[in-house]
Amino acid sequence: MHAPAPTASPKMSARHVNVFYGRKQAIDDVSIDVDMENVTAFIGPSGCGKSTFLRTLNRMNDTIATARVDGEIRLDGEDIYASDMDVVQLRARVGMVFQKPNPFPKSIYENVAYGPRIHGLAASKADLDRIVEQSLTRAGLWGEVKDRLNDSGTALSGGQQQRLCIARAIAVDPEVILMDEPCSALDPIATAKIEELIHELRGKYAIVIVTHNMQQAARVSQRTAFFHLGTLVEYGVTSEIFTNPRQERTKDYITGRYG
Ligand SMILES: Nc1ncnc2c1ncn2[C@@H]1O[C@H](COP(=O)(O)OP(=O)(O)OP(=O)(O)O)[C@@H](O)[C@H]1O
C-alpha cells in the first residue's frame, strides 16, 4: 500500500480501512486523506472497490446488510463510525451523487427544499426560497429552471437531473460531496457541464469522484487514487499519476494494458 499524499489539512482521513461483504474482502487496508483544496478522483478497473470505498466515507455501506467496515475514518478529526455519530447528519455533511440521476418524483423546488426543511436549515419560506435559488445557482441549473420550479424533477433531461441532484446535495450545506460515476449516464455535452461545475465547486466542498474515464479524472481532479483488487496502489498528484506513475500496476492501467 502506498502512503496517502501529504495534505496540509485533511477534511477526511481514512486509516487501515477494510471492507467485507460477508466473508469476501472488497477493500484491503486503505489509508487516504481528502482535502478541501483538491478534487480527488478514484480510478481503477471494474470491481476494484472504488465505489465500495467511496461509500465508506458517508456510511452508505450501512445500508448493505452483508457489508462490514473496519479501520478508522475521520471527518475533521471526528470518528464517523463512532456509536454516537448521527448518520442522517453525517450524510448531510458528506453528500452523495449517484451514477444514475435519482431526483425525487416531486417538483424541482421540492427536490432542493426537502433536505433543508428536514434539517431545519430555513427559518421561513423566504429563507427556504433563498436556499433553493442559491443551491440551483451553484449547481448551474437556476437559469434553466427558474420559471418552472413547480415542474417535476423527473421531467428534466438526464444532465439537468444530475445537476438537480447536485443542487439537492448542496442545499444542506455539505462539507464533502462524493460523486459515484456521475456522468456515466450522460451525453458528452451534459458531461462537460458537470465537469465545469466540479471546477466551480472546487474549494467550496471537498469533492471525491469515482470515474471509469481516465480523461475525466485528468480533467477534473488534482489528486488521483488508483485502486486495484481492493487495494490502494498509488495516490498522488493527478498530473504525476498520469505522466510519471511510480507503480508498475498504475502504469499498466493508465496505458490501457488492462481495465
Ligand atoms: N452489495 C454487494 N454485495 C456483495 N459484493 C459486493 C457488493 N457490492 C460490491 N461487491 C463486490 O465488491 C467488489 C468491489 O466492488 P465495487 O462496486 O466497489 O467496485 P468498483 O471498482 O466500484 O467497480 P465498478 O467500476 O464496476 O463500479 C467487487 O468484487 C463486487 O462484486
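This is a predicted model: local features need pLDDT of at least 70, side-chain atom pairs count only at pLDDT 80 or more; totals for chains, interfaces and linings use all residues.
Residues are numbered from 1 along each chain as its sequence is written.

- Leaving aside neighbours within four places in sequence, Ile-207 is in contact with Val-39, Ile-177, Met-179, Ile-198, Leu-201 and Arg-202 (contact: C-beta atoms, placed from the backbone, within 7 Å).
- In helix H3 (residues 108-118), the buried residues are Ile-108, Asn-111, Val-112, Ala-113, Gly-115 and Pro-116 (buried: 20 or more other C-beta atoms within 10 Å of the residue's own; exposed: 12 or fewer; partly exposed: in between).
- Those buried H3 residues pack against helix H2 (87-93), H4, helix H5 (142-145) and H6.
- Helices (H or I, at least four residues) and strands (E, at least two) are DSSP runs, numbered from the N terminus.
- Just after H3, Gly-120 takes a positive phi of about 65°.

**H6 against H4**
- The axes of H4 (residues 125-138) and H6 (residues 158-171) come within 8 Å and cross at roughly 130°; axes are lines fitted to C-alpha atoms, for helices over the stretch in contact, and angles run from 0 to 180 degrees between N-to-C directions.
- That angle makes H4 oblique to H6 (under 35 degrees is roughly parallel, over 145 roughly antiparallel, 65 to 115 roughly perpendicular, and the rest oblique).
- H4 and H6 cross in a right-handed way; right-handed means the near helix is turned clockwise from the far one by less than a right angle, left-handed anticlockwise.
- On the H4 side the contact uses Ile-131, Ser-135, Leu-136 and Arg-138, and on the H6 side Ala-167, Ile-170 and Ala-171.
- By class, that contact has five nonpolar residues, one polar and one charged (Ala, Val, Leu, Ile, Met, Phe, Trp, Tyr, Cys and Pro count as nonpolar, Asp, Glu, Lys and Arg as charged, and the others, Gly among them, as polar).

**H6 against H7**
- H6 and H7 (residues 188-201) pack at an angle of about 20°, with axes 9 Å apart, which makes H6 roughly parallel to H7.
- This crossing is right-handed.
- Gly-158, Gly-159, Gln-162, Arg-163 and Ile-166 of H6 meet Ala-190, Lys-193, Ile-194 and Leu-197 of H7.
- The H6 and H7 contact holds four nonpolar, three polar and two charged residues.

- His-16 sits in strand E1 (residues 10-21) and counts as exposed, because it has 12 C-beta neighbours inside 10 Å.
- Beyond four places in sequence, His-16 is in contact with Asp-29, Ser-31, Gly-71 and Glu-72.
- Asp-29, in strand E2 (residues 24-35), has a positive phi near 55° although it isn't glycine.

**Loop residues**
- Phe-98, in the loop between strand E6 (94-97) and H3, is 84 residues from Pro-182 in sequence but 5.8 Å away in space, C-alpha to C-alpha.
- Glu-181 lies in the loop between strand E7 (176-180) and H7, and its phi is positive too, near 45°.
- Glu-181 counts as buried because it has 20 C-beta neighbours inside 10 Å.

Methods:
Two residues are in contact if their C-beta atoms, placed from the backbone, lie within 7 Å.
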